[in-house]
Amino acid sequence: AAKTVFTIHNLQYQGIFDSRFFSLTGLPKQEFNINTLEFYGDINLMKAGLVSSDQVNTVSLTYAKDIMTPSFGERLDGVLKQLESRGQLTGIINGVDYAIWSPEKDAVLARLEKKEGKPFLYSADNLQGKYNAKIELQKRFALPQQQDTFVLGAVARLAQQKGFDLVTQITPALVQKNIQLVILGTGDKTIEDSLGGLSRRFPKKISVNIGYDDELAHLIEAGSDSFLMFSHFEPCGLNQLYSMRYGTLPIVHRTGGLADTVKDASTGFVFGSYTPQAALKATMNALRTYSKPIIWKNMMRLAMDQDYSWNSSAQLYVDLYNKARGSSSAVSSPISFLPATEKELVETLSDWQAARNETLLNPYFWQAQWKSQSRQTSLIKAQAGQEIVGFALYKLSERPALVSLKALVVKPQLRG
């Protein structure tokens, strides 16, 4: 039978519906029971996915532990504890694409460099570009352009989860110091209004851009000295990973993926209890450390040396898929690699397009030893007996590689 791995990102979003809509699922009435879809009298699609899967993972080890508690389990902690007791729950940290999020390669910084005629790209060995990015950031956010000011940045969805209640509570104390705060984000209207009010109250200290702008997001990562992530909970978090690569030391609440990736007084600053007092203490500690250039630069270098690329995480997913398949060995599957004619490629794509509404689409990773001496497009037919249950298009590599299966279409009624 086909195997399933269910990956949880944020447990808050479960797909809960009134039980009156059960008939729309097309499932037999007996499927609405406490062991599957039923959830406190409602339908819960995530719960059904969890209990029906062979393996379940989430996007950090600590979040996998957090969601087994009443505080973060969103009423599914009992189900998740059962899965963990059976060896079916784990956590794998997300990865970063350093071709996009790296101060040596950042396309936004490269464009600024070309436009302004001065360095914006930088590395741990040459930080001049970061200093220029800081002045540009202050300019963009209409703040006084001062190199010695400690600039705190934040890019986030403006939601209660992201800890902006703590940010607003400690701001009056922050503005008494040589600190500026720049925030980019959109979301909860109450939070937007609160942050907007603070920026109007302290126009030389705080600047807020409501919305999302990819160029500004990159500039905040490059130009800030520290990055705020006060999340009440955080499945993984990516901005702390970006920030470390940019030498922008993150200040984080010890939860979920933040706890797994940021080391206090080493690659950033971490506070434990979710209180304004703890958040302020960590921020003030960062400010004091910033006033000690040698220590600060050593921390920057250590943070920039961290590797959270997909290299290791992708292999962990391969291992997890193998575990779900009941095997710890390398992927071995009844797949034949057949050179495809243009006609076959067109027919395959047509078949896939026609089947989309009645099939399941699942991404996989496959390890393959390519024997081709030149690049070519090939059609891969995955067969179970005489039934073709999947199609995939690849660009074959000249060497062994881990490649992403672009499209695997499997008819639900077929079994491989």
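A salt bridge here means a side-chain nitrogen of Lys or Arg within 4 Å of a carboxyl oxygen of Asp or Glu. As background, side chains of opposite charge can pair when their charged atoms come close. Please keep in mind that this is a predicted model.

Take K134 and D225. They form a salt bridge, with the closest N and O atoms 2.8 Å apart. This pair links distant parts of the chain: K134 sits in helix α5, residues 128–140, while D225 sits in the loop between α8 and β10, and 91 residues separate them. Are these two buried or exposed? The cut-off for buried is under 20% relative accessible area. K134 has 2%, so it counts as buried. D225 has 7%, so D225 is buried as well.

Next, K162 and E234. Their side chains meet in a salt bridge, at 3.0 Å from N to O. K162 lies in the loop between β7 and α6, and E234 in the loop between β10 and α9, so the pair ties together parts that are 72 residues apart in sequence. K162 counts as buried at 18% relative accessibility, and E234 counts as buried at 4%.

Now R20 and D18. Their salt bridge has its closest N and O atoms 3.0 Å apart. R20 is exposed, with a relative accessible area of 67%, whereas D18 is partly exposed, at 29%.

Which residues are linked in a network of salt bridges? They are E136, K139, R140 and E215.

And the total: the structure holds 8 salt bridges.

Note on methods
Residues numbered from 1 in each chain as written. Predicted model: local features only at pLDDT ≥ 70, side-chain atom pairs only at ≥ 80, totals over all residues. Heavy atoms only, no water. Buried < 20%, exposed > 50% of the residue type's maximum accessible area, 1.4 Å probe, protein only. Helix = DSSP H or I, 4+ residues; strand = E, 2+ residues; numbered from the N terminus.
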